[in-house]
Amino acid sequence: MKTAIFEKAGSMVVKDTDKPTIQADDDVIIKVVRACVCGSDLWAYRGFNDKEANSMNNGHEAIGIVEETGSDITTVKKGDFVIAPFTHGCGHCPACLAGFDGDCQSHTDNFSEGNQAEYIRFQHGQWALVKIPGQPSDYSEGMIKSLLTLADVMATGFHAAKVANVKAGDTVVVLGDGAVGQCGIIAAKLLGAKRIISTSRHEDRAALAKTFGATDNVADRGDDGVKKILALTNGFGADAVLECVGTDLSVQTALQVGRPGSIVGRVGLPQDAKQDVAASFGNNIILAGGPASVTTYDKELLLKAVLDGEINPGLVFTKTFSLDQINDAYQEMADRKVIKSMVKISD
């Protein structure tokens, strides 16, 4: 089968590899229909993170068709159309029961990789996989895109809003204009936020944020950005802040733009070994967040919201590539020509 391989920083290639096989009783082999590139995949591609040359791709988002199941799998069967969440919860440990399946306590191998490929081995598939009604041919390409976001970015954006306790009437600041930040805006709107301040420096991304529900946009960074955001809140600060980047600048901004008692919902993968959060103490700023509860949110709310047309997160995919074009899919995201790259693997 074809698989995307990280050759070196700035170079993704496609190679023939062995098709995955069942290795454990709760494994599921999935024929990938669509995959995509995540902003977190770009850290190694840009050379910001160390990654072994000629290694498996970091792809962790996919939807596809069940090809084969292990003997313990009873919830899905061959031929089912499924969302493959990047997190692999068990559904019955204390963390999963509390709604934090992104930190499932039953497994140490809780996260996907290698999903930019024709087939994937999904571990611990009994509870974590999410069935989609029907088959891919039943859906428009726009709907397929929205379903793909449910493997990660829509659920991650929702996680930021959920742990930040966004509620009706709130003013919310969203830091980050990539796919997760855009989905955070969707989530804040879904939860009833009245004012949503986006923070994009790019015209196309600011326009998409407005489509999703942003009422204001602040393009400035650093002290100037903080001042302008606070000015939009009459100097008091926002009720909730969604931190969807992970850099030190983004985190420090988040700690300065919320009102006392506000919650910062962090879903940006931290990119600095140490981050000073002492500033949160004086203003009673609450820090929350981490890996998203993908399966929980998809099953409880998000899949239905997509199928009912209540939300349309698939708009974050602004260009589609074939698997053979995987390097272009990465490079055009790195160059900010594309908000999020979708990779069409099969029909």
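Predicted model: local features only at pLDDT ≥ 70, side-chain atom pairs only at ≥ 80, totals over all residues.
Which residue in strand 8 is the bridge partner of isoleucine 83? Valine 130 is that partner.

## Strand 6 and its two partners

Strand 6 covers residues 81-84. Strand 8, residues 130-132, pairs with strand 6 in the antiparallel sense. Three bridges join strand 6 and strand 8.

Strand 5, residues 62-69, also pairs with strand 6. That pairing is antiparallel too, and runs over four bridges. Here isoleucine 83 of strand 6 stands opposite isoleucine 63.

Strands of a sheet pair through backbone hydrogen bonds. In a regular strand, side chains alternate between the two faces of the sheet. Both faces of strand 6 are covered. Phe81 and Ile83 are buried on one side. Val82 and Ala84 are buried on the other.

## The open sheet 2-1-4

Three strands form an open sheet, in the order 2-1-4. The pairing is antiparallel. Strand 2 (11-16) and strand 4 (55-56) each have a single partner strand and stand at the edges, so one side of each has no neighbour in the sheet.

Strand 1, residues 2-8, pairs with strand 4 over two bridges. Phenylalanine 6 has serine 55 of strand 4 as its bridge partner. Helix 12, residues 326-334, lies across strand 1 and strand 2. The helix runs at about 160° to strand 2.

## The cavity

How many cavities of 30 Å³ or more does the structure hold? There is one. The largest cavity holds about 30 Å³ of space.

Phe6 is one of the residues lining this cavity. Phe6 is also the residue bridged to serine 55 in strand 4.

Which strand gives the largest share of the lining of the second largest pocket? Strand 7, residues 119-122, does, with four residues. By class, the lining of this pocket has eight nonpolar, eight polar and three charged residues.

Terms used: Residues numbered from 1 in each chain as written. Heavy atoms only, no water. Nonpolar A, V, L, I, M, F, W, Y, C, P; charged D, E, K, R; others polar. Pairing = 2+ DSSP bridges. Contact = heavy atoms within 4.5 Å. Axes fitted to C-alpha atoms, helices over the stretch in contact; angles between N-to-C directions. 1 Å grid on protein atoms, 1.4 Å probe; cavity = no way out; pocket = protein on both sides within 12 Å on 5 of 7 lines; lining within 4 Å. Points joined across faces, edges and corners; volume = space filled by probe spheres on them. Buried < 20%, exposed > 50% of the residue type's maximum accessible area, 1.4 Å probe, protein only.
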